[in-house]
Amino acid sequence: MSIKVETALSAEEQILLTRLKSFRVPEMARALEAQLKDPNADLNTFMERISQLIDAEWQARADKRFNRLMKEAHLRYPTADLDETIYRPERRLDTQTIERLSTCHWIDEGKNLIVTGSSASGKTYLINAICITAMRQSRHVRYIKANTLMSEMEQARIKSTNLDYLNRLTRLDLLVIDDFGLMDLDLDKCRDLFEVLDSRDG
């Protein structure tokens, strides 16, 4: 059995924590409070202790940013992951290409990606995993089915907000249009689709 002993904070330490919180770095303040209450904290070097404070704040902000990006992305598989299962021989995946895609350099280069394959082969899961990889690099992503995209474009056109809608799509780092070949295309939908693709050209 182990007993954790915490020391009481002095008035000066309380003031220091209050000031940190006023600077809007609450996780750094929590990490510092934990150090101040830990009688063994002095066993670590100054660099180790300050690194813990900075890392705590950085990670909290990164998690908050990622959660916000996830909410905006509307992924079908929000827990998709490029884990070791992509290397299973029975999946017959080009793992070298997937590894290159996971760097997301192709997004920065303004390149397009077309994923093809038979039905229920895991295309949507795979592209959702790439989306999550992009968001972990702080990129703005939107996943949308082709029919939904056309419906939203039609509603935006009716409301005369199609320019604003297109601008939102243009600002995305990555726009994923799924089930592209399953929709019926008439002249209006072709025009809307062209406007979406043309607005993101380059």
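Ser138 is partly exposed, with a relative accessible area of 33%. The model is predicted. Ser138 sits in the loop between H6 and S1. Its phi is near 65°, a positive value in a residue other than glycine. Most residues other than glycine have a negative phi.

His74 also has a positive phi, about 55°, although it is not a glycine. His74 belongs to the loop between H3 and H4.

**Salt bridges**

Side chains of opposite charge can pair when their charged atoms come close. The count here is 10 salt bridges.

| Pair | N to O distance | Relative accessibility |
|---|---|---|
| Glu27 and Arg30 | 2.3 Å | Glu27 28%, Arg30 48% |
| Arg139 and Asp108 | 2.7 Å | Arg139 11%, Asp108 55% |
| Arg191 and Asp188 | 3.2 Å | Arg191 36%, Asp188 35% |

What separates Glu27 and Arg30 along helix H2? They are 3 residues apart in H2 (residues 26–37), which means about one helical turn lies between them. Glu27 is partly exposed. Arg30 is partly exposed as well.

The pair Arg191 and Asp188 lies in helix H9 (residues 187–199). These two are 3 residues apart, so about one helical turn separates them. Arg191 counts as partly exposed, and Asp188 is partly exposed too.

Next comes the bridge between Arg139 and Asp108, at 2.7 Å. Arg139 lies in the loop between helix H6 (123–135) and strand S1 (141–145), while Asp108 is in helix H5 (residues 105–108), so the pair ties together parts that are 31 residues apart in sequence. Asp108 is exposed, because its 55% is over 50%.

**Nonpolar core**

In soluble globular proteins, nonpolar side chains tend to be buried together. The largest nonpolar core in this model has 21 residues. Those with the most contacts inside it are Leu75, Ile132, Met135, Val141 and Leu174. Which elements give two or more residues to this core? They are H3, H5, H6, S1 and strand S2 (174–178). H6 gives the most, with 7 residues.

**Pockets**

The largest pocket has a volume of about 1,300 Å³. Its lining has 37 residues, of which Leu113, Ile114, Leu175, Val176 and Ile177 lie nearest the centre. H5, H6 and S2 each supply at least two lining residues. The largest share, 5 residues, comes from S2. By class, the lining divides into 17 nonpolar, 12 polar and 8 charged residues.

The second largest pocket holds about 320 Å³ of space. It is lined by 18 residues, and the closest to its centre are Leu93, Ile98, Val115, Thr116 and Leu126. H4 and H6 are the elements that give two or more residues to this lining. Which element provides the largest share of the lining of the second largest pocket? H6 does, with 4 residues. The lining has 9 nonpolar, 6 polar and 3 charged residues.

Rolling a probe the size of a water molecule over the atoms shows where empty space is left. The count is 1 cavity of 30 Å³ or more. About 30 Å³ of space lies in the largest cavity. Its lining is Asp81, Leu82, Asp83, Thr85, Ile86, Arg91, Tyr125 and Leu126. These residues divide into 4 nonpolar, 1 polar and 3 charged.

Thr85 is one of the residues in that lining. It is found in the loop between helix H3 (46–73) and helix H4 (95–102). Is Thr85 buried or exposed? It counts as buried, because its relative accessibility of 17% falls under 20%. The side chain of Thr85 makes a polar contact of 2.4 Å with the side chain of Asp83. Asp83 is also among the residues lining the largest cavity.

Technical notes: Residues are numbered from 1 along each chain as its sequence is written. This is a predicted model: local features need pLDDT of at least 70, side-chain atom pairs count only at pLDDT 80 or more; totals for chains, interfaces and linings use all residues. Side-chain values use heavy atoms; hydrogens and water are left out. Buried means under 20% relative accessible area, exposed over 50%, partly exposed in between (1.4 Å probe, protein chains only). A polar contact is a pair of N or O atoms within 3.5 Å; within protein, one must be able to donate a hydrogen and the other to accept it, and residues adjacent in sequence count only if both atoms are side-chain atoms. On a 1 Å grid over the protein atoms alone, a cavity is a set of points where a 1.4 Å probe fits but cannot get out, and a pocket is an open set with protein on both sides within 12 Å along at least five of seven lines; lining residues have an atom within 4 Å of a point. Grid points are joined across faces, edges and corners, and a volume is the space filled by probe spheres set on the points. Ala, Val, Leu, Ile, Met, Phe, Trp, Tyr, Cys and Pro count as nonpolar, Asp, Glu, Lys and Arg as charged, and the others, Gly among them, as polar. A salt bridge is a side-chain nitrogen of Lys or Arg within 4 Å of a carboxyl oxygen of Asp or Glu. A nonpolar core is a set of buried Ala, Val, Leu, Ile, Met, Phe, Trp, Tyr and Cys residues joined through side-chain atoms within 4.5 Å.
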